[in-house]
Amino acid sequence: MNTTIPKLPFIIKPFLLSLLLSLTVLIFIALQTPHHRKTTPQQPDSTISSKSGGGLRIRPGYSSYDEYIQRQLNKTLNPKLRQIWTTRDWERKVRVFAQFFESLKRRNLLLNSSKALSIGARVGQEVAALKSIGVNDSIGIDLAPYPPLVVKGDFHAQPFMNGTFDFEFSNVFDHALYPWKFVGEIERTLKPGGVCAIHVALSRRADKYSANDLYSVGPLVELFKDSKLVEVRKVDGFGLDTEVVFRKNKRRNI
Ligand SMILES: C[S@@+](CC[C@H](N)C(=O)[O-])C[C@H]1O[C@@H](n2cnc3c(N)ncnc32)[C@H](O)[C@@H]1O
């Protein structure tokens, strides 16, 4: 069999070589770029990268704050889902939340005497759980109220005075369009020395109603400017895999 390569005109050879070289360089650069950290042209500030690893990406696509709120409410106010959350799902979710809170109590991060807030509590299963283990002075906030457990409130501008709570819990960090406001409001409404426990998903992407994607604990630690990281541990919390606990500084430290 004749395997000789056909002769190319002398001008094409260097051209093909430089084309091949440019392609190799381009592929190499593309492989080096971490895609989840790319900012979009519409939102140049939508990615907060962290000194300590992966970043935090704000999802593009909301044309206004109203649109973001409406999208969140679409699911939260769905009558069929509310029926399921308050009946079939109720006991199981209260039980699992109670286990998380019991564990925080064992580690002295939550007390029966704590004044507690659950952020993005929807129909209030986590508030019921707090009360069921003896943390009686507990309340939740959500965009839609569910009295008496949940009052109306946007977590970007909590409806509470500075230094109100000893303990705050949330498993909705991924729903924050402005994560720095979400955290800023927690630090504002916590008492000095107060504790905040947050459940996040690091190893899988959150749902389609999420407004941001978090890739490591680093950006959270950087957002909690007036707190110390107490611990990070793996949990199995309704699709969220990591519990991150902070304690607000006793003296202002920014
Ligand atoms: C995934 S659900 C979690 C509900 C509840 N924590 C649970 O585990 O059952 C997210 C919740 O966050 C609420 N939410 C979204 N954006 C919010 C905002 N800006 N302020 C307050 N709540 C918000 C939604 O209304 C929804 O109830």
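Guide: What covers the buried residues of α4 includes α5, β7 and β9 (227-237). Here, helices (H or I, at least four residues) and strands (E, at least two) are DSSP runs, numbered from the N terminus. Covering goes by contact, that is, C-beta atoms, placed from the backbone, within 7 Å of each other. Before we go on, this is a predicted model: local features need pLDDT of at least 70, side-chain atom pairs count only at pLDDT 80 or more, and totals for chains, interfaces and linings use all residues. Residues are numbered from 1 along each chain as its sequence is written.

So who's buried? In α4, they are Phe97, Phe100, Phe101 and Leu104. They sit on the same side of α4, because they cover an arc of only 95° around the axis (taking directions from the helix axis to the C-beta atoms). The face turned away from that side carries exposed Glu91, Arg92, Arg95, Gln99 and Arg106. Buried means 20 or more other C-beta atoms within 10 Å of a residue's own, exposed means 12 or fewer, and partly exposed is in between, with C-beta atoms placed from the backbone.

Phe101 also belongs to the largest nonpolar core, which has 50 residues; Phe101 and Ala197 have the most contacts inside it. Such a core is a set of buried Ala, Val, Leu, Ile, Met, Phe, Trp, Tyr and Cys residues joined through C-beta atoms within 7 Å. Leaving aside neighbours within four places in sequence, Ala197 touches Leu104, Leu109, Phe169, Glu243 and Val245.

Finally, α4 is followed by Asn108, whose phi is positive, near 60°.

Note on methods
Two residues are in contact if their C-beta atoms, placed from the backbone, lie within 7 Å.
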